[in-house]
Amino acid sequence: MGKNIVVFSTVLVFLFSTSYATPGIGTFYTTYTPSACYGGKQEGVFIAAASDQLWNNGQVCGKMFRVKCTGARNAVPHPCTGKSVIVRIVDHCPNGCASTIDLSREAFAQIANPVAGIINIDYTP
């Protein structure tokens, strides 16, 4: 009985520790200040801008997201590095933004070849 509870508990921990990722589109930008969340204050280089889909009137400012490349959106073959990156939302990607999360160039380069410019991503808060 005790062994079954341990196995069941381990399975539950595994299931609930694996957050469900949301699919989206990732791009990158290179001018980091001023930002919609922090004005002229520099917030490092592992940062991102949120699309209208995530922005929620600035409620997402300062939130951290784990982002992983899941595939190409253009002719650049195999852009993904296999890594993920954690970024802080510091800005708003304006209307017409081509992505869900617009990463800093440094963050984008962690997960994909910057030559790609645009990729499919999964992200979790």
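Helices (H or I, at least four residues) and strands (E, at least two) are DSSP runs, numbered from the N terminus. Keep that in mind as we walk through this predicted model, where local features need pLDDT of at least 70, side-chain atom pairs count only at pLDDT 80 or more, and totals for chains, interfaces and linings use all residues. Residues are numbered from 1 along each chain as its sequence is written, and side-chain values use heavy atoms, with hydrogens and water left out.

**Whole chain**

Start with everything shown as a cartoon.

**The barrel**

Now select the strands. The six strands form a closed barrel in the order 1-5-2-4-3-6, with mixed pairing. From one strand to the next, the twist averages 45° (axes are lines fitted to C-alpha atoms, for helices over the stretch in contact, and angles run from 0 to 180 degrees between N-to-C directions). Two strands pair if DSSP finds at least two bridges between them.

Next, pick strand 1, residues 22-29, together with strand 5, residues 101-104: they run parallel and are joined by four bridges. Show Thr27, whose bridge partner in strand 5 is Asp102, and then Phe28, which stands opposite Leu103.

Strand 1 is antiparallel to strand 6, with six bridges between them. Gly24 has Ile121 as its bridge partner there.

**Two loop residues**

Is Ser51 buried or exposed? Select Ser51 in the loop between strand 2 (47-50) and helix 2. Ser51 counts as buried because its relative accessibility is 6%; buried means under 20% relative accessible area, exposed over 50%, partly exposed in between (1.4 Å probe, protein chains only). Beyond its neighbours within four places in sequence, Ser51 is in contact (heavy atoms within 4.5 Å) with His92, Cys93, Ser99 and Thr100.

Then move to Gln59, in the loop between helix 2 (52-55) and strand 3 (64-72). Gln59 is exposed, as its relative accessible area is 56%. Select Cys37 as well: C-alpha to C-alpha, Gln59 and Cys37 are 9.6 Å apart in space and 22 residues apart in sequence.

**Zooming out**

Finish with the surface view. Of the 125 residues, 37% count as buried.
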